[in-house]
Amino acid sequence: MLARLLSASDRRVARQTFWMGAITGVQLLGGLAQLAISVRILGPEGFGVLAVIIAVASLIHRLLSMPGGDAVTTFVTRAAAEERPQEAARVLRFTMAASLGMSLIAYAIIAVVVLAASRLLGIDDAHRNVALMYGVVGVFLATRTESLAVLRLSDRVSLGLAITLAGVLTRVALLVIVWLNGGGLFEVVLAHIAGVVVGGAGMLAAATLSAPRAGIPGLLRSASLKVPPDVARFQTGVFGRHAIAALAYNMDTLLVAQFTGAADVGLYRAARQVTDTSHYPFHSLKDGVQLQYSKQWYAGRGAALRRTTLLFSLASFAAAVAVFGLLAIFHQPIARLFLGEEFSGVAPLLLIMLAGAFALNSISALTPLPAAVGRAWPLLAAEMGGLAVFAAGILWLVPVSGAEGAAWANTAYYGAIALILVPFIISTLRQSRRLRQNP
C-alpha cells in the first residue's frame, strides 16, 4: 500500500530517513551504555575529570568545525545534474580537506590550552596526557558528515548504520573489559578513541568505495581542490553557522551559572538534556529529505519539489504534534522516571522548553531547503538572530526568574530561528515555480 501511495523519490526519502534514524538510535543507545559503564569505572571524581576534558575538546572542535555534508549533498548533486563529474570529485576533496584541516588546527589549539592552562580548566598535571589523547577524537570524526553525504548520494546509508554499530560495539566492549579489569581514566579514553577510529575510518573507507556510485568518479586520481566560488562561500557560511551554534550550545549554562546557584543550573541543564534528545528523530528526517530537494531543484523539477515539501512538512508537523504533545502531557512522570525525585523541579522547565522545540521541529522538513539549493546565509542569519535573542533573554530573565527564565530564553531561541527561516523557505518555494526542467 505504501509503495502505491508514494512515488519512487518519496520512498527513497522514507528509506533514507529510516536508516538515518537507525544510526541516531544506535548512537543514543551506545551513548547511554557508555555513560553507565564509564561512571562505574571512574566514580564521581574521575567522571568529573573526564567531563571537563570532553567539554574543552568538544567546544574547541565545534567552534572551528567546517562540516561539509551539506555542501557535498548540494553541489555534488548539481555537478551530477549538469554532467560535470570532475567538479563533483573536487567538491568532495575540498570539503574533506577543509574539515580535516580545521580539525587539525583545533587539535593544535587544544594542545596549547591543555599545556598552558590546564589547572585553570580543572585538569591536573597528571591528566594532561589524557586530555591531549582525547583531543584526537575530533580529528577522526572530521570527515563524518561528508562520508555520510556520499552514502546518501549512493543510497548506501545502511552501510553507514553497520559501521556506526561496529564503532559503538567496539567502544562499549572495550569499556566492559576496562571495567572488569579495574582500569581507570587512561583506559576509558583509549576505549573512546578506539571506537571513534573504527567508526571514522570505516565511514571514510565506505565513502571512498561508494563515490563512483554517488556520481563522483576519479576521487583518488587527482589532488585538485579547485571548486566554484559559490562552494567556498557556502562553506564559509557553514563555518559561521556552526561556530554560532557551538556558542549557543555552551553559552547558556555558563551565563545561567553567573546569575543563579548550582541547583538552578543543574535543573536547567537536566531539562535541556531531555529537550535536546527530543530533537534527534527530526534530524533524521532533515537528512533524509535534503538530498531529494537538491536533486529536484537542480533537475528543474519545481512541481515535484513543492510536492515533496508539502508531503514531508505535513509528516514533520504530525510527528512534532505527537512527540511534543506526549511530552507535554507526561512531562512530570518523565522527569521523575529519568531524573529522580530530587529533579522534580525540572518538570515546569520542561513544559516551557517544549514550546520552542515544537516551533522549530514542526517545520523541520522545510529547514534544510535553503542549504539544499546552495544558500548557506539564511541558516547563518537564523542562528545569529537566535543567538541574539537567546543571550538577551538570559540576561533579562535569569536574574529575575532563575532557571525558569533560562527555560523561556531557550524557547525564544528556537522560536526565533523558526521565524527567521520561514520567509527564506517561502521565497525558495516561490522561485521553484520558475525552474525549467533539464532535458
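Q: Where does Ser99 sit?
A: Ser99 is in helix H4, with helices taken as DSSP runs of H or I, at least four residues, numbered from the N terminus. This is a predicted model, where local features need pLDDT of at least 70, side-chain atom pairs count only at pLDDT 80 or more, and totals for chains, interfaces and linings use all residues. Residues are numbered from 1 along each chain as its sequence is written, and side-chain values use heavy atoms, leaving out hydrogens and water.

Q: Is Ser99 buried or exposed?
A: Ser99 is buried, at 5% relative accessible area (buried is under 20%, exposed over 50%, partly exposed in between, with a 1.4 Å probe and protein chains only).

Q: What is Ser99 in contact with, leaving aside neighbours within four places in sequence?
A: Met66, Pro67, Gly68, Ala142 and Glu146, where contact means heavy atoms within 4.5 Å.

Q: OK, helices now. How do H4 and H7 cross?
A: The axes of H4 (residues 85-117) and H7 (residues 144-153) cross at roughly 155° and come within 9 Å. Axes here are lines fitted to C-alpha atoms over the stretch in contact, with angles from 0 to 180 degrees between N-to-C directions. H4 and H7 are therefore roughly antiparallel (over 145 degrees; under 35 is roughly parallel, 65 to 115 roughly perpendicular, the rest oblique).

Q: Which residues make that contact?
A: Leu92, Thr95, Met96 and Ser99 from H4, with Glu146, Ser147 and Val150 from H7.

Note on methods: Helices (H or I, at least four residues) and strands (E, at least two) are DSSP runs, numbered from the N terminus.
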